[in-house]
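Dear colleague,

Please find below the structure that I am handing over to you. My notes on what was found in it follow directly after it.

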Amino acid sequence: MIEWIYFFDLCGTAVFALSGALAAGRHRMDPFGVIVLASVTAVGGGSIRDALLGTTPVFWIRDPNYIVVILITVLLTLILVRRPKKVPQHTLPIADALGLALFTVIGAEKALSLELGGMIAVVMGLITGVGGGMIRDLLCRQVPMILRTEIYATASILGGICYSVSIHLGVENMHAMLVSMTVALCIRLAAIKWHLSLPAFDLKKNLKN
């Protein structure tokens, strides 16, 4: 089981590194900028999670394989994706959705492994899932997706709840992880496809009335 969790974690790292590299390409960054953006996207959320949980040193310092995965992903992206404008429009959102689903469950699993409560597990899953993308968007001078009206954080929260409830009900860990990842991914992909969003809190409109 530990091997599978580690495998999912590395997959999430690669996917988020890809989304960071693609974002860097769209903003015409140099190779160093690509590495920086890919790195903070891939390990940012997990680093915040480990800092809050008091897990020191953070995961990527204990295990350099995460850095290796990021560098390989960046190298392949630089070689294979030479013209970022030709990349399909939904490639970045879909890669981000995959990373969100993977890291949400990884974060929740880590909290539960430390015998923390289900609510904390959901919060840690959310932080792990959205933290890296939030840093990426801020560095690209964009409003982070978690602060927009489109369904993003909601997908992570529901995925974390699904995992925590499944474990509480005694579902086998691997099955719980796969189901919860699927839930978070499907919700996020549905939001991308059909432009689903939460109602905006428009204070200006209310004041005008």
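According to an unreviewed UniProt entry, the annotation "domain: Glycine transporter" covers residues 7–80 and 94–165. UniProt positions are given here in the numbering used in this message, feature names are shortened, and annotations may be inferred rather than shown by experiment. This is a predicted model, in which local features need pLDDT of at least 70 and side-chain atom pairs count only at pLDDT 80 or more, while totals for chains, interfaces and linings use all residues. Residues are numbered from 1 along each chain as its sequence is written, and side-chain values use heavy atoms, with hydrogens and water left out.

Annotated regions

Over residues 7–80 the chain is 85% helix and 0% strand, with the end C-alpha atoms 24 Å apart. Helices (H or I, at least four residues) and strands (E, at least two) are DSSP runs, numbered from the N terminus. Residues 64–81 are 89% helix and 0% strand, and their end C-alpha atoms lie 25 Å apart. For residues 118–139 the figures are 100% helix and 0% strand, with 32 Å between the end C-alpha atoms.

Helices H1 and H2

Helix H1 (residues 2–26) packs against helix H2 (residues 31–53) at an angle of about 140°, with the axes 7 Å apart. Axes are lines fitted to C-alpha atoms, for helices over the stretch in contact, and angles run from 0 to 180 degrees between N-to-C directions. H1 is therefore oblique to H2; angles under 35 degrees count as roughly parallel, over 145 as roughly antiparallel, 65 to 115 as roughly perpendicular and the rest as oblique. Residues that make the contact (heavy atoms within 4.5 Å) include Phe-16 and Gly-20 of H1 and Leu-37 and Thr-41 of H2. By class, the contact of H1 with H2 has 9 nonpolar, 5 polar and no charged residues. Here Ala, Val, Leu, Ile, Met, Phe, Trp, Tyr, Cys and Pro count as nonpolar, Asp, Glu, Lys and Arg as charged, and the others, Gly among them, as polar.

Helices H6 and H7

The axes of helix H6 (residues 118–139) and helix H7 (residues 153–168) come within 8 Å and cross at roughly 140°. H6 is therefore oblique to H7. Their contact divides into 6 nonpolar, 5 polar and no charged residues.

Is Ser-156 buried or exposed? Ser-156, in helix H7, has 0% relative accessibility and so counts as buried; buried means under 20% relative accessible area, exposed over 50%, and partly exposed in between (1.4 Å probe, protein chains only). Leaving aside residues up to four places away in sequence, Ser-156 touches Leu-100, Thr-104, Gly-125 and Leu-126.

Helices H7 and H8

The axes of H7 and H8 also come within 8 Å, and they cross at roughly 160°. H7 is therefore roughly antiparallel to H8. The residues of this contact divide into 11 nonpolar, 4 polar and 1 charged. Among those that meet are Gly-159 and Tyr-163 in H7, and Ser-180 and Arg-188 in H8.

Thr-182 lies in helix H8 (residues 173–194). Thr-182 counts as partly exposed because its relative accessibility is 43%. The C-alpha atoms of Thr-182 and Gly-159, 23 residues apart along the chain, are separated by 8.0 Å.

Yours sincerely
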